[in-house]
Amino acid sequence: MKIFIDTAVLEEIREVKELGILDGVTTNPTLVSKTGKPWKEAIQEILREVPDKPVSVEVVATDREGMKREAKELAKLGENVVVKIPCTEEGLRAVFEMNAEGAGVKTNVTLVFSPLQALLAAKVGATYVSPFIGRVDDISYDGLQVLEEIVSIYEIYGFETEIIAASIRHVDHVRRCAALGVDIATIPYKVIKQMYRHPLTDIGLERFIKDAEKAGISI
Ligand code: E4P
């Protein structure tokens, strides 16, 4: 499973890159607004930090022509730009038309909450699709159940669109995404850091350190 970080904070991206586990970055307007930086500066810094990894950047237009125009502008910012387009009828038409025109824009169909939306995203040739599992849980449905169906539908039909499990809230979401065989999980910084931790590792290490002192081990 590829690991993307779901943030626009440069320092978080840099740290996770240096951990050697980073495969890409996803942002959205909310995440960019939290940086307090002008949006273009925030995005360009990220693109420079990870020039060899896909970075998703979202359009703000909601009509097809506006989304296509913004997508083409965003794609000029770097070869690693992936344009996030909302899963609306206009958004899916924008993806379809850009592919038909051979615009060469990589797309991530976002705000996906159902297997049928994910099916349509694959049909129009999206590069990635982002089901939001945490937000489905928030309305008392089962986000992982939705994700499992999407994974299964994509396998049955051999769609090439890669699935990015998004809106991940805790480490158990990540574990279950991995068990489902999802292509990618985009994970907030805080959750990535929690993935390293296990209380038994801490207890075990403490015991080994004490016993090493007792045994006089010094290497
Ligand atoms: C995905 O690409 C989105 O940026 C993100 O995962 C949304 O997560 P949230 O529901 O925690 O805002």
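Reader: What makes up the lining of the largest pocket, by class?
Author: In this predicted model, that lining has nine nonpolar, eight polar and seven charged residues.

Reader: Which helices supply at least two residues each of that lining?
Author: Those are α2 (29-35) and α10 (189-195).

Reader: How much space lies in the largest pocket, and which lining residues are closest to its centre?
Author: About 440 Å³. Of its 24 lining residues, Asp6, Asn28, Leu31, Lys34 and Pro188 are the closest to the centre.

Reader: What takes up that space?
Author: The ligand does: the space it takes is the largest pocket. A molecule counts as sitting in a pocket if more than half of its atoms lie within 2 Å of the grid points, so the ligand passes that test here.

Reader: Which residues surround the ligand?
Author: Asp6, Thr26, Asn28, Leu31, Lys84, Phe132, Arg135, Ala166, Ser167 and Arg169. Each is called near because one of its heavy atoms lies within 4 Å of the ligand. By class, this shell has three nonpolar, three polar and four charged residues.

Reader: How much of the ligand's accessible area does the protein cover?
Author: On its own the ligand has 340 Å², and the protein covers 85% of that.

Reader: What about the second largest pocket: how much space lies there, and what lines it?
Author: About 310 Å³. It has 15 lining residues, and Trp39, Val57, Glu58, Val60 and Leu74 are the closest to its centre. By class the lining divides into nine nonpolar, two polar and four charged residues.

Reader: Which elements each supply at least two residues of the lining there?
Author: α2, α3 (39-49), β3 (55-58) and α4 (64-75).

Technical notes
Residues numbered from 1 in each chain as written. Predicted model: local features only at pLDDT ≥ 70, side-chain atom pairs only at ≥ 80, totals over all residues. Heavy atoms only, no water. Areas by Shrake-Rupley, 256 points an atom, 1.4 Å probe, with all protein chains shown as cover. 1 Å grid on protein atoms, 1.4 Å probe; cavity = no way out; pocket = protein on both sides within 12 Å on 5 of 7 lines; lining within 4 Å. Nonpolar A, V, L, I, M, F, W, Y, C, P; charged D, E, K, R; others polar. Points joined across faces, edges and corners; volume = space filled by probe spheres on them. Helix = DSSP H or I, 4+ residues; strand = E, 2+ residues; numbered from the N terminus.
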